[in-house]
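What follows is a report for a reader who meets this structure for the first time. Please look over the sequence and the model, and then read on by topic.

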Amino acid sequence: VSNVTCFKDSPNYSQPPADPAIHQGALRGLPLPGSAVRIPPGSPGCSQGRQPGLERGRGSAQRDFNSDEFLDDPEFREIVGKAERAIEEGVFPERIYQGSSGSYFVKDLQGRIVGVFKPKNEEPYGQLNPKWTKWLQKLCCPCCFGRDCLVLNQGYLSEAGAGLVDQKLELNIVPKTKVVYLASETFNYSAIDRVKSRGKKLALEKVPKVGQRFHRIGLPPKVGSFQLFVEGYKDADFWLRRFEAEPLPENTNRQLQMQFERLVVLDYIIRNTDRGNDNWLIKYDCPTDAGASRDADWVMVKEPIIKLAAIDNGLAFPLKHPDSWRAYPFYWAWLPQANVSFSQEIKDLVLPKLSDPKFVKDLEEDLYELFKRDPGFDRGQFHRQGAVMRGQILNLSQALKYRKTPLELIQMPPVLVETVRNTQRSNSESYTQSFQSRRPFFTWW
Ligand SMILES: Nc1ncnc2c1ncn2[C@@H]1O[C@H](COP(=O)(O)OP(=O)(O)OP(=O)(O)O)[C@@H](O)[C@H]1O
Ligand SMILES: [Mg+2]
């Protein structure tokens, strides 16, 4: 790494600054979105450990975990409630077999899929990952497996974090995703958990008085990400091939481009390391397919015709810019859409937010509130994730400002923006910026 301004891990970031004063000297002259991110007590860098929510939850029913959580979002709460009722009535979540980890289609009482649940302990590095071949691979060849730039076993937070970034930026491409607790017989449990659960049930049947003393009778709820299921979407690959063969009308093509730009913004900010064209979906209500072309007026008001959904966001928010970038490119960079300059619309939607230090600070704090709940949360790691994200925001802002193309964006040298406590004025912070010394991405094109 060749430093523009030398940076190092701040030894003091565990101590909250008492004064909001902000020092931006290290980046003077550079337009730095997020430069005024102050770290107040009880926010990123100031946590003394676990958030009580997870601890409190242990031993009580999953409904208790979930109902507190989504008071602000009745729609989400209702869907999670439906899933819980379905499980109680024996309509269990069903494992998605194609995935490399334990992911489940969660259903309602009628058996309709309402969500995708990914439990933390069934992630690729989770203890109970059901795909044992992956586990073996990891055991035998640890250095060749996985992404060393990511926080292990926090994919569910990455999923929820992507949802949060999407909502804050009003991109509206990530189906709503939150952290939820669920228990189901169809999840992968250890033999011990199953035996315990059976024993407790038996005790309740035989000696109800004793059984009532157990906090939880069934299997222990698992924490994981719950993403709302979106209907009528297909893998982007499918539609992109079709659009190649049968080009879209200009207006619809423009809609696709605008949605695509939102995907670029999301992926770039969260530095998604897993955006293959199978990890985003497109819904296309082709007017002719629907037989609607007979009634031209009706087609005119049918909006939107094309919509994008960014799913599978569990491998984002890296601790550093990936070294072996060839393994983790943004696959959309190969699409013709990546050669089109960012539109004025996306610039107007996103740039004012990213240029507002308060917005970036709020975003970081919201992510902190989410991430700190994991029992393995580590402040130092969170700071490193933040440095990458701020660097990405810096580059993206430049790219939007000058209306570059997505391809030009990813060719910009990756930047880290570190928060460093100012030792002279102990109550202030400054930012230092460093560039990766290696060649920018995709120079070989
Ligand atoms: N929110 C959603 N709405 C509709 N379909 C979805 C949603 N999430 C996932 N799917 C479907 O389920 C499939 C698997 O989902 P996803 O890629 O998130 O799981 P995964 O276990 O991480 O799989 P992999 O490891 O193969 O990427 C997707 O290809 C998609 O078809
Ligand atoms: Mg996938």
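## Terms and overall make-up

Angles between elements are taken between N-to-C directions, from 0 to 180 degrees, with axes fitted to C-alpha atoms.

The model is a predicted one, and its protein chain holds 14 helices and eleven strands. Of the 445 residues of the protein chain, 53% count as buried. Among contacts in the chain between residues at least 6 apart in sequence, 76% join residues that are at least 24 apart.

Five strands form an open sheet in the order β2-β3-β4-β6-β5, and their pairing is antiparallel. At the edges stand β2 (94-95) and β5 (177-182), each of which pairs on one side only. Strands of a sheet pair through backbone hydrogen bonds, in either a parallel or an antiparallel manner. Within this sheet, strand β4 (residues 113-119) and strand β6 (residues 222-228) run antiparallel and are joined by five bridges, and proline 119 has glycine 224 of β6 as its bridge partner.

Helix α5 (residues 155-168) lies across β4, β5 and β6, and runs at about 140° to β5. Serine 225, which is found in strand β6, gives a local view of this region. This serine counts as buried because its relative accessibility is 2%. Leaving out residues up to four places away in sequence, serine 225 touches Val116, Phe117, Lys118, Tyr156, Glu159, Thr177 and Lys178. Leucine 157 is 68 residues away from serine 225 in sequence, yet their C-alpha atoms are 7.0 Å apart in space.

## Strands β8 and β9

Strands β8 and β9 run antiparallel and are joined by five bridges, with tyrosine 284 standing opposite isoleucine 306 in β9. Strand β9 is mostly covered, in that four of its five residues are buried.

## Nonpolar cores and aromatic pairs

In soluble globular proteins, nonpolar side chains tend to be buried together. The largest nonpolar core of this model has 65 residues, and the members that touch the most others are Leu169, Ile269, Trp280, Ile282, Tyr284 and Trp332. Helix α9 gives the most to this core, with nine residues. Apart from it lies another core of 18 residues, which include Phe70, Val106, Phe187 and Phe226.

Tryptophan 280, when neighbours within four places in sequence are left aside, is in contact with a set of residues that includes Lys234, Asp235, Phe260, Leu263, Arg275, Leu308 and Leu335. The ring of Trp280 also belongs to a cluster that ring pairs form together with Phe260, Tyr268, Phe330 and Trp332.

The structure holds 18 aromatic pairs. Because phenylalanine 317 lies in the loop between β9 and α11 and phenylalanine 371 in helix α12 (residues 357-371), the pair ties together parts that are 54 residues apart in sequence.

## The magnesium ion

Which residues coordinate the magnesium ion (ligand 2)? The coordinating atoms come from Asn279 (OD1) and Asp312 (OD), at 2.1 to 2.2 Å. Asparagine 279 lies in the loop between α9 (250-270) and β8 (280-284), and aspartate 312 in the loop between β9 (306-310) and α11 (344-354), so the pair ties together parts that are 33 residues apart in sequence. Asparagine 279 counts as buried at 7% relative accessibility, whereas aspartate 312, at 24%, counts as partly exposed.

## Two positive phi values

Most residues other than glycine have a negative phi. Aspartate 312, although it is not a glycine, has a positive phi of about 55°. Arginine 403 likewise has a positive phi, near 50°, and lies in the loop between α13 (379-401) and α14 (406-411). With a relative accessible area of 34%, arginine 403 is partly exposed.

Methods
Residues are numbered from 1 along each chain as its sequence is written. Chains are lettered from A and ligands numbered from 1 in the order in which they are written. This is a predicted model: local features need pLDDT of at least 70, side-chain atom pairs count only at pLDDT 80 or more; totals for chains, interfaces and linings use all residues. Side-chain values use heavy atoms; hydrogens and water are left out. Two strands pair if DSSP finds at least two bridges between them. Helices (H or I, at least four residues) and strands (E, at least two) are DSSP runs, numbered from the N terminus. Contact means heavy atoms within 4.5 Å. Donors are N, O and S atoms within 2.8 Å of the metal (3.2 Å for Na, K and Ca); water is not among the atoms, so sites may look incomplete. Buried means under 20% relative accessible area, exposed over 50%, partly exposed in between (1.4 Å probe, protein chains only). A nonpolar core is a set of buried Ala, Val, Leu, Ile, Met, Phe, Trp, Tyr and Cys residues joined through side-chain atoms within 4.5 Å. Rings of Phe, Tyr and Trp (its six-membered ring) pair if their centres lie within 6.5 Å; planes under 30 degrees apart count as stacked, over 60 as edge-to-face and the rest as tilted.
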